[in-house]
Amino acid sequence: MTRLLIEGGTLLGLTAPGDVRPATDLLTEDGRIRAVGPEAAPPARRDPVERLDARGKWVLPGFVQAHLHLCQTLLRNGPENLELLPWLRGHVWPGEAAHDSATMSVSARLGIAECLSAGVTAILDMGTIRHSDALFEAAAASGVRYVGGNVLMDDPRTTPPSLRAAAEEGLAETERLLATWHGKENGRLAVAVSPRFAVSCTDGLLRAAAALARDRGLVVHTHASENRGECALVEERTGLPNVAYLDAVGLLGPRTCVAHAVHTDESDFRLLAGRRTSVVHCPSSNLKLASGVCPVPELARAGVRVALGSDGAACNNLLDPFREMRLAALLPGVRGESGLLSAFDVVRMATVQGAAALGLAGPEGFTVGARADFVILDPDAGWSLPDDWSAEPYGAIVYSMGRENVTATVVDGVVRYRREDPSVGGLKPAPAEIRDAVRSLRARMREI
Ligand SMILES: [Zn+2]
């Protein structure tokens with residue numbers, strides 16, 4: 001039995017802005033909250049308990065990276081000033097096709113280490129066509145909560161031969177991953193059905209992917225309406241706007257996560273809300289690829305759940321929830337109107353709404369039985385102000401904290417990152433290993 005006692009932290013439960021409990025103990029047992037407050041003191045006769053001193057620290061539900069491409073971590077710092085489609089064709093797809101299982105493993109371990117050390121407890125990863133086992137192996141070893149799968153791309157009109165799998169082949173690979181990884185590591189690992197986007201998939205594949213996800217109760221992970229050229233291409237091919245087309249093939253549902261949704265309108269908001277589909281806002285990626293800005297206030301007002309993601313390191317070029325929170329909170333300000341999105345709303349997007357989008361059901365907040373996935377923040381570190389929680393903790397987290405404030409990351413009741421150990425328990429590859437992997441990946445890219 002794994003038991004962890006987090007002592008004396010200020011608990012920010014995020015169920016409401018006032019859900020703040022100063023100097024409160026928290027006991028977890030086998031990945032769930034067992035007791036909060038005075039009952040959290042474990043009786044001496046029971047199994048041993050690991051202790052984590054959180055006095056003067058803030059404990060909150062862990063950050064969720066709800067849209068990520070771990071296979072792209074080694075593709076960061078690539079060409080600049082490109083829009084989505086030329087950037088995909090010229091850099092990302094050759095890079096993904098060039099991976100072998102060794103470079104995929106380095107890419108995944110580096111990306112997960114970057115996430116865990118920024119307080120991320122769960123990841124929704126798009127994966128790629130081949131070497132998906134290397135992604136799951138890295139996730140299993142790291143202790144992070146991971147939802148991923150092989151990306152589905154089968155349309156010869158729009159995808160390169162090096163990064164294409166026929167519909168039956170791609171879905172058979174998803175089934176193989178399901179049999180091998182789904183529900184493993186105490187339920188930390190899950191397989192998602194991941195049609196990349198409408199442009200890269202045939203109609204038949206999208207319908208079959210929707211049926212598989214529905215039959216097996218799986219998360220669907222896709223991109224939509226990121227870029228104007230992409231939207232025009234989908235409409236030209238299908239006669240429908242992008243989001244309506246995804247609905248027509250059966251892909252929109254309560255377990256579907258749609259990354260971006262930048263070029264969306266009232267009818268899309270109504271459709272997404274009606275299907276209870278989640279949107280994942282990736283502000284850095286959308287600005288870097290000059291895609292535009294997701295209408296988050298309108299989506300939220302329509303009742304759409306919005307989570308946050310970094311997208312791949314190739315279009316960000318960081319995997320850092322603090323940067324995404326800050327941008328998400330600031331961007332509505334370009335309209336010259338304040339109060340469209342509060343700091344509290346943004347912290348919820350980065351945490352509990354992400355968890356809900358990934359299908360991690362269960363009680364919210366610091367409630368007995370809730371999942372024991374936490375980030376612990378030190379307000380004395382970095383450049384925020386010491387322990388100013390009583391005034392406005394959410395503004396401090398969004399606007400003045402960063403990864404330097406993260407002292408520990410707890411997943412499933414186990415401490416997976418401590419500030420004292422920047423190697424993240426040896427997960428982060430050494431510089432020489434990263435350098436060698438980048439060199440061999442880029443050499444193979446040149447041959448593609
Ligand atoms: Zn993406």
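1. Before the details, a word on the ground rules. The model is predicted, with local features needing pLDDT of at least 70 and side-chain atom pairs counting only at pLDDT 80 or more, while totals for chains, interfaces and linings use all residues. Residue numbers start from 1 along each chain as its sequence is written, and side-chain values rest on heavy atoms, with hydrogens and water left out.

2. His67 (NE2), His69 (NE2), His223 (NE2) and Asp311 (OD) are the protein donors of the zinc ion, at 2.1 to 2.3 Å from it. Donors here are N, O and S atoms within 2.8 Å of the metal (3.2 Å for Na, K and Ca), and since water is not among the atoms, sites may look incomplete. Along the chain, the donors of the zinc ion have the spacing H-x1-H-x153-H-x87-D.

3. What about the geometry? The arrangement is irregular because the angles subtended by the 4 donor atoms around the zinc ion run from 89 to 174°. For reference, four donors count as tetrahedral if all angles lie between 85 and 135 degrees; four count as square planar and six as octahedral if opposite donors are over 155 degrees apart and all others between 65 and 115; anything else is irregular.

4. Histidine 67 has a relative accessible area of 0% and is buried, and histidine 69 is counted as buried at 3% relative accessibility. The scale used is under 20% relative accessible area for buried, over 50% for exposed and partly exposed in between, with a 1.4 Å probe and protein chains only.

5. Threonine 73 sits in the loop between strand S6 (63-68) and helix H1 (84-97). Helices (H or I, at least four residues) and strands (E, at least two) are DSSP runs, numbered from the N terminus. With 1% relative accessibility, threonine 73 is buried. The side chain of threonine 73 comes to 2.9 Å from the backbone oxygen of leucine 70. Setting aside residues up to four places away in sequence, threonine 73 touches Ser107, Leu110, Gly111, Glu114 and Ala313; contact means heavy atoms within 4.5 Å.

6. I would also point you to arginine 188, in the loop between helix H4 (167-181) and strand S10 (189-191). Arginine 188 is buried, at 4% relative accessibility. The side chain of arginine 188 reaches the backbone oxygen of alanine 140 at 3.1 Å. Tyrosine 146 is 42 residues apart from arginine 188 along the chain, yet their C-alpha atoms are separated by 6.2 Å. Beyond neighbours within four places in sequence, the contacts of arginine 188 include Tyr146, Val411, Asp412 and Arg416.

7. That list leads on to strand S17 (residues 406-411), where 6 of 6 residues are buried. S17 pairs in the antiparallel sense with strand S16 (residues 374-377) over 4 bridges, and valine 375 has threonine 409 in S17 as its bridge partner. Strands are taken to pair if DSSP finds at least two bridges between them. With strand S18 (residues 414-418), S17 again forms an antiparallel pairing over 4 bridges, in which valine 411 is bridged to valine 414 in S18. The hairpin of S17 and S18 has 2 residues between the strands, and aspartate 412 takes a positive phi near 55° there.

8. Elsewhere, an open sheet of 4 strands with parallel pairing runs in the order S12-S13-S14-S15. Strand S12 (220-224) and strand S15 (306-308) are its edge strands, each pairing on one side only. Within the sheet, strand S13 (residues 256-260) and strand S14 (residues 278-281) share 3 bridges in the parallel sense, and valine 258 has valine 279 of S14 as its bridge partner.

9. Finally, some backbone spots to check by eye. Most residues other than glycine have a negative phi, and most peptide bonds are trans. Asparagine 81 is not a glycine but has a positive phi of about 60°; asparagine 81 is in the loop between S6 and H1 and is exposed at 76% relative accessibility. Alanine 290, also not a glycine, has a positive phi of about 50° and is exposed at 53% relative accessibility. A cis peptide bond, with omega about 0°, joins asparagine 316 and asparagine 317; asparagine 317 lies in the loop between S15 and helix H11 (321-330).

Methods:
Polar contact = N/O pair within 3.5 Å; in protein donor to acceptor, adjacent residues only side chain to side chain.
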